[in-house]
Amino acid sequence: TRELLPANLTFAITRDGKRVITGASDGTVRVWNAETGREISSLETSGKGIWSIALFAGERRVAAAGQG
């Protein structure tokens, strides 16, 4: 069976196109390999939804904003 993930509300793509960062309705931020579609890492926040994602510091850091 396939695991259903929460709805993605926002995303960012690195300039080189190798990674996609998503923010989901459950407050999770995930980093994906854009070529394979595999999850590289994730961070569960205490929020109720991630509404905005920004990359900075040479795309080595992610800022996420959300509700709650």
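## Strands β1 and β2

In this predicted model, strands β1 and β2 run antiparallel and are joined by five bridges. Strand β2 covers residues 19-24. Across this pairing, isoleucine 13 stands opposite valine 20 of β2.

## The four-stranded sheet

The pair belongs to an open sheet of four strands, arranged in the order β1-β2-β3-β4 with antiparallel pairing. The edges of the sheet are formed by β1 (8-13) and β4 (39-44), each of which pairs on one side only. On average, and with direction ignored, neighbouring strands of this sheet are turned by 15° against each other.

## Aspartate 16 in the loop

The loop between β1 and β2 contains aspartate 16. Its relative accessible area is 48%, so aspartate 16 is classed as partly exposed, a class that lies between the limits of 20% and 50%.

Two partners of the aspartate 16 side chain can be described. One is the side chain of threonine 14, with which the side chain of aspartate 16 makes a polar contact at 2.6 Å. The other is the backbone nitrogen of lysine 18, which lies 2.9 Å from a polar atom of the aspartate 16 side chain.

## The largest pocket

The largest pocket has a volume of about 200 Å³. Its lining consists of 13 residues, and those nearest the centre are Ile21, Val29, Val31, Arg61 and Val62. Strands β3 (28-33), β4 and β6 (61-67) each contribute at least two residues to this lining.

By residue class, the lining of the largest pocket comprises seven nonpolar, three polar and three charged residues.

Definitions and conventions
Residues are numbered from 1 along each chain as its sequence is written. This is a predicted model: local features need pLDDT of at least 70, side-chain atom pairs count only at pLDDT 80 or more; totals for chains, interfaces and linings use all residues. Side-chain values use heavy atoms; hydrogens and water are left out. Two strands pair if DSSP finds at least two bridges between them. Axes are lines fitted to C-alpha atoms, for helices over the stretch in contact, and angles run from 0 to 180 degrees between N-to-C directions. On a 1 Å grid over the protein atoms alone, a cavity is a set of points where a 1.4 Å probe fits but cannot get out, and a pocket is an open set with protein on both sides within 12 Å along at least five of seven lines; lining residues have an atom within 4 Å of a point. Grid points are joined across faces, edges and corners, and a volume is the space filled by probe spheres set on the points. Ala, Val, Leu, Ile, Met, Phe, Trp, Tyr, Cys and Pro count as nonpolar, Asp, Glu, Lys and Arg as charged, and the others, Gly among them, as polar. Buried means under 20% relative accessible area, exposed over 50%, partly exposed in between (1.4 Å probe, protein chains only). A polar contact is a pair of N or O atoms within 3.5 Å; within protein, one must be able to donate a hydrogen and the other to accept it, and residues adjacent in sequence count only if both atoms are side-chain atoms.
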